[in-house]
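I opened the notebook to record what I looked up in this structure and in what order. The entries go from one chain as a whole, to one of its residues, to the places where chains meet.

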Amino acid sequence: MTAEAARAAAAPLAEARDLKLYFHLAGGAVLKAVDGVSLSIAEGRTVGLVGESGCGKSTTGRALVGMYEPTAGSVLFKGKDIGSLDKAERGEFARHAQMIFQDPYSSLNPRMTVGDIVGEGIDIHRLYAGRERMERIWELLGLVGLAKEHANRFPHEFSGGQRQRIGIARSLAVEPRFIVCDEPISALDVSIQSQIVNLLASLQARLGLTYLFISHDLSMVKYISETVCVMYLGALAETAPSEELYERPLHPYTQALLSAIPIADPRAERARQRILLSGDVPSPVDPPPGCRFAPRCPRAMGRCREAAPELRDVGGGHRVACHAVG
Amino acid sequence: MKHGENMAGALGAQDSPLDLDDLGEELFEEVPRGDSGEADRIVRPCLTYWQDAWLRLRKNKIAMIGLGLLAFYIIMSLVGPLMVSYDFRAIDEAQMDSGPGPLHWFGTDTLGRDMWARVWVGARVSLSIGFLAASLNALIGVCVGGVSGYFGGRLDMAIMRLIDVLSGIPSLIVAILVMVVMGAGIAPLVIAMIIVGWVGSARLVRGQMLQLKNQEYVLAARKLGASDARIIFRHLIPNTIGLILTNVTMAVPYAIFNEAFLSFIGLGVQPPAASWGLLARYGAQSFRVAPWQLFIPAFFISTTMLSLYLLGDGLRDALDPKLRS
Amino acid sequence: MPNSEAKGSRAGSKLIEVEGLRVSFSTYGGTVKAVRGISLSVSKGECLAVVGESGCGKSVTAQTIMRIIPSPPAAIEGSVRLEGRELLTLPERKMRSLRGSEIGMIFQDPMTSLDPTMPIGKQITEGLREHDRSVSRAQARERAVEVLATVGIPEPERQLKRYAYEFSGGMRQRVVIAMAVVCKPKLLIADEPTTALDVTIQAQILDLMRSLKDELGTAVLLITHDMGVVSNMADRIAVFYAGEVVEEGRAEEVFESPAHPYTAALLRSRPRLDRDRNQCLVSIPGSPPDLFAPPPGCAFAPRCGLALEICRRARPAGFALGESHAASCWLYHAKALARHGAPSRGKLEMEACRDR
C-alpha cells in the first residue's frame with residue numbers, strides 16, 4: 001500500500017475541522033449557524049448528530065456533503081480538504097457524498113415517474129443505458145423494498161414511508177460511500193419510522209455505507225448510531241459512544257435533554273425526576289460571548305459567560321465542552 | 001364481564017354478513033402471512049398529471065360551461081360564415097340597417113353587410129389575436145421570469161427594475177406610439193400588445209421559480225450533479241406549466257379586450273378585415289338607429305371573456321399539484 | 001362501557017360520551033370514511049389519550065366533538081353527549097357558547113389558533129367576555145393577567161399588548177393554553193399540543209398541562225402519536241387505527257399488556273432510551289389502508305402476522321379483557337382463545353418483528 005493510500009485508509013471517511021458557517025443577514029446581523037464544530041466519521045460507521053431547532057445540525061450536514069462552503073475551518077473527505085480538490089476529484093466527491101432529505105412530500109419531483117427519479121443519478125453520470133439502466137433501476141427499487149411495477153408510478157401515489165424509500169434509492173443510484181441523513185424520519189409515522197431505520201441499517205451492512213444521522217430525536221439517534229454528538233446553538237456540547245452518553249451524560253444540556261425525553265412506560269415516567277430548563281431555545285443570531293448554554297444552564301458560573309469552553313477529552317471517546325466538568 | 005365475551009357497542013359496530021352467533025371453526029385458522037408486497041400494492045389506477053387534471057376539471061360544472069361556450073364559439077368562427085350565402089364584405093344597399101330576421105339572422109350594418117357572417121369572421125380575428133398575444137406574452141414571460149428567478153442576484157434585480165418601469169407605462173400610450181411608428185394594422189397591434197404585456201407572466205413565473213428552486217427535489221438533483229439546464233428543463237418548467245397554462249387562459253380575455261378597445265378607437269384592425277372591436281366601432285356610430293349592431297359584438301366579447309375567466313379559474317384548481325390526493 | 005360500570009371507579013360520572021360515531025367526507029376522488037364507528041368516553045378529571053398515526057381519524061373525532069367540521073361536505077352519524085346533552089344536534093348558537101366555556105381546544109400549531117392581528121391580551125379578554133357578559137373590562141384584564149401567570153409567562157401585564165409573532169413557539173403554545181383554560185372548561189381537547197415543539201420545551205408544556213389538570217380538575221382528551229407523551233399524561237388510552245378504536249384501557253394495562261397486535265407493534269416500534277442498541281425495533285410492513293375503500297374485515301389484517309381467516313371476512317367487535325381493558329380483535333373471541341390460547345406479548349411482538 002502506498003503511503004498516501006495508507007493515510008487515506010487510516011483517516012476517517014468524512015471530517016469537519018473547526019467548521020464555521022456564518023450567514024450575513026439583512027441589516028448587518030450575523031447568523032452563526034455553525035461555530036467551530038469538529039467531528040469525524042469513520043468508514044462503515046454511523047455518527048449521530050442531535051440537537052434542537054436552530055442548533056446548526058442540518059447546516060453541518062450540508063457542509064459535509066459540499067452543499068455549503070465553510071466560512072472558516074475545513075471539511076475533509078478521505079483525508080483531503082474538499083476545498084482543494086481538482087475538478088475530477090470534486091466530481092468524484094460529489095457522487096460519493098450523498099444526502100437523504102427530510103420531507104418525503106417535497107423531496108420528489110411530482111411530475112417525474114419513480115423510475116426517472118431513481119434513475120436521475122444514472123442519467124446524469126451516464127452509468128448505464130437502455131435495458132441495463134432499467135434493470136439497475138429495478139435493482140435499486142428492490143434494495144429498498146419496492147416493486148418493479150412502482151417504477152411507472154408517480155410520487156403522489158405513494159405513502160410517506162414509501163416516498164422516503166424512493167429518495168433513498170435515488171441517492172444509492174450513484175453508488176455513494178457516505179450519506180448524510182438529514183432528519184429522514186421526522187415527517188413519518190411512528191411505525192414507518194422503524195421501517196426506514198431498519199432499512200438504513202440493513203443497507204449499511206450490505207453496501208458498507210457510512211452515515212451521519214441527523215435528528216432531534218435522541219432515542220432514535222442513540223439506537224442507530226455508534227457515536228452521538230450533541231449540538232447546541234452552533235457548537236458541540238458533548239460527544240460520546242451512544243451507551244456512554246446515556247449512562248454518563250456530563251454536559252448539563254445533555255442531562256436536561258435526556259431528562260426531557262418521555263419514556264413509554266407510565267410507571268417509570270411518572271416516577272422520574274425531571275430537569276426542567278427555563279426559558280426558550282435562543283436564536284443563533286448575534287449570540288452573546290461565552291458558553292452558548294450559559295443563559296439556561298442550571299450550573300452556570302461567572303467564567304461561563306466570559307469564555308466559551310473547549311471540547312475536552314475525558315476518556316473512552318467521550319468529549320465535553322463545559323467549564324463545570326473536568 | 002366474562003373473558004372473551006362479545007362487547008358490541010363498546011368498540012364499534014359490526015356490519016358483516018357472517019352469522020356472528022354461529023361462527024365456524026375454520027374461520028379461526030391462522031392465515032399464513034402473505035408477502036408485504038400485498039400490503040404495498042397500489043389499488044388505484046395510475047393517472048398522469050394531465051389525466052388527473054382533466055378529471056378534476058370535468059367535475060367543475062362552471063368551468064365546463066366556460067369551456068363549452070368557448071369551444072362553441074371557436075367552431076362557429078370556422079363554420080358560421082359558411083352557413084349563410086353572404087360574403088362578409090358584400091354590400092347590399094337594399095338591406096341597410098335591417099334588424100335581425102329570417103334573411104339576416106343578426107341583421108345588417110349600415111352598408112347592408114350581413115352581421116352573422118361579420119360576427120363569425122370577426123371572431124376568427126379577435127380570438128386568434130387574443131390567443132396569439134397571450135401566448136407570446138407567456139413565452140417571453142417564461143423566458144425572462146425563469147432566468148431572472150432561477151439565477152437571482154444582480155441579473156434578477158436588473159430585470160425586476162425593468163419590469164417595474166414597463167408596468168408603469170400605460171399600455172394605451174405604447175399602442176399609440178407603435179401605431180405611429182409602424183402604422184395601423186394587425187401586426188403592429190400584436191406587437192403593441194406584447195411589448196408591455198409579458199410583464200405579468202414574467203412576474204408570475206419568477207415567483208414560481210423562486211419558490212421551486214429551494215424545493216428539496218431541486219436540491220437533491222443538484223446534489224446528484226444535475227446541470228442548471230437539466231434542473232430548469234426537467235424539474236422547474238414541468239412544475240410551472242400548470243401555472244403558465246392557467247395564466248395564458250386568464251390572459252386571453254385581456255388580450256381580446258385590448259384588441260377590441262384598440263380597434264374601437266381605430267388603432268387596431270383596419271377595414272376591410274373585421275374584428276369584434278371594429279364591429280363595435282361601427283355599431284356605436286349607428287347606435288340610435290340600429291342598436292343591435294353594437295349589442296351583438298359586445299355580447300360576444302363579454303361572453304367570450306367570461307367563459308375564459310371561468311375556464312381559467314377551473315384550470316387553476318385542476319392543475320394545482322397540491323390538490324391532488 | 002366497562003369503565004363506568006366498574007365498581008369503585010374513582011373517576012366518577014362521565015363527562016363526554018361518544019357512541020357509534022361515523023364521519024365520511026365526499027371528495028372528487030370518492031368518499032373517504034375517516035371515522036368508521038367509534039365509541040369512547042372521558043370521565044370528569046381524567047385524561048384520555050387517543051393514540052394513532054396519521055389518517056387514523058383521531059383529529060377528525062376531536063373536531064367532530066367540537067363541531068368544527070362543516071357538515072356538508074362531511075356526513076356525520078352517531079352521538080356525542082356532553083354530560084348527557086347531545087351535541088351533534090345542538091344549534092350552532094348554543095354550540096358556540098359551549099366552545100371555550102365548557103370545552104376548550106388546543107391545536108398543534110399555535111399560529112393557527114392565535115389571531116396575528118390582535119394583541120394576545122385582547123384575544124383572551126374577548127374570549128372571556130364573549131362567554132360571560134357580566135365581566136367588566138377591568139375584571140377581564142385582571143383575569144387575563146392571572147391566567148398568563150398560571151401558564152408560566154413572565155411579566156404578564158407587559159405581555160398583554162404583544163402580538164403572537166413576538167413570542168417563541170413554546171411561549172405561543174402557553175398563550176394558546178391560557179386562552180383555552182381561561183373560562184375554566186370542563187374538558188380540554190389537546191390535538192398534538194407538543195408535536196411541533198422542541199423536546200425540552202415539550203417537557204415544560206406537558207408539565208404545565210398536568211399541573212393545570214390537577215389544579216382545575218379539567219378532563220383532558222389528548223390526541224397524539226407519541227407514546228412517551230401518552231405515558232406522561234394519560235390515565236386511560238384509546239388506540240385508533242383506520243378510523244376505529246382497536247384497543248382501550250387504563251394506561252398501565254395497555255402499556256404493560258397490550259392486547260391488539262397493532263398496539264404491541266406500536267409500542268415496540270420506538271426505541272427506548274433506557275434499552276441498549278440491540279433492542280429489536282418492530283416495523284409493521286405495508287401502510288394503513290386506503291380509507292376510500294377500507295377492507296371488509298379487520299382493517300389491520302393485511303399487515304398482521306397473527307391474522308385468522310375470519311379477520312379478513314368480518315370486522316371484530318370489542319372483546320373485554322378485564323374490568324377496563326378491551327380490544328377489537330378476533331384473537332380474543334371465545335373460539336380463537338379455545339383454539340390458540342391468548343397471545344402472549346412475546347408472540348405479539350415477534351410476529352410483527354420481521355425485519356430483524
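The entries below follow the order in which I looked things up.

**Entry 1: chain C as a whole.** I noted at the outset that this is a predicted model. I began with the secondary structure of chain C, for which I find 15 helices and twelve strands. I then looked up the extent of the C-alpha trace of chain C, which spans about 70 × 50 × 50 Å along its principal axes. The radius of gyration of chain C is 21 Å, and because a compact globule of 356 residues would have a value near 21 Å, I wrote down that the two agree.

**Entry 2: burial and contacts in chain C.**

**Entry 3: one residue of chain C.** I next picked C:Ile16, which I located in strand S1 of chain C, a strand that covers residues 14–27. Is C:Ile16 buried or exposed? I counted 22 C-beta neighbours inside 10 Å of C:Ile16, and since 20 or more are required, C:Ile16 counts as buried. Leaving out residues up to four places away in sequence, I listed the residues that C:Ile16 touches as C:Ser41, C:Val42, C:Ile65, C:Leu82 and C:Leu187. I also looked up C:Val60, 44 residues from C:Ile16 along the chain, and found their C-alpha atoms separated by 16 Å.

**Entry 4: where chain A meets chain C.** For this contact I recorded 37 residues from chain A and 39 residues from chain C. On the side of chain A that touches chain C, at least two residues each come from helix H7 (190–207), helix H8 (218–224), helix H9 (242–247), helix H10 (252–260) and helix H11 (266–271) of chain A. H7(A) gives the most to this side, with seven residues. Sorted by class, I find 17 nonpolar, eleven polar and nine charged residues on the side of chain A that touches chain C.

**Entry 5: where chain B meets chain A.** Here I recorded 19 residues of chain B in contact with 25 residues of chain A. Helix H1 (36–40) and helix H8 (216–224) of chain B each supply at least two residues of the side of chain B that touches chain A, and H8(B) gives the most to that side, with six residues. My tally by class for the side of chain B that touches chain A is ten nonpolar, five polar and four charged residues.

Terms used
Residues numbered from 1 in each chain as written. Chains lettered and ligands numbered in written order. Predicted model: local features only at pLDDT ≥ 70, side-chain atom pairs only at ≥ 80, totals over all residues. Helix = DSSP H or I, 4+ residues; strand = E, 2+ residues; numbered from the N terminus. Rg over C-alpha atoms; globule rule 2.2 N^0.38 Å. Contact = placed C-beta atoms within 7 Å. Nonpolar A, V, L, I, M, F, W, Y, C, P; charged D, E, K, R; others polar. Buried ≥ 20, exposed ≤ 12 C-beta atoms within 10 Å, placed from the backbone.
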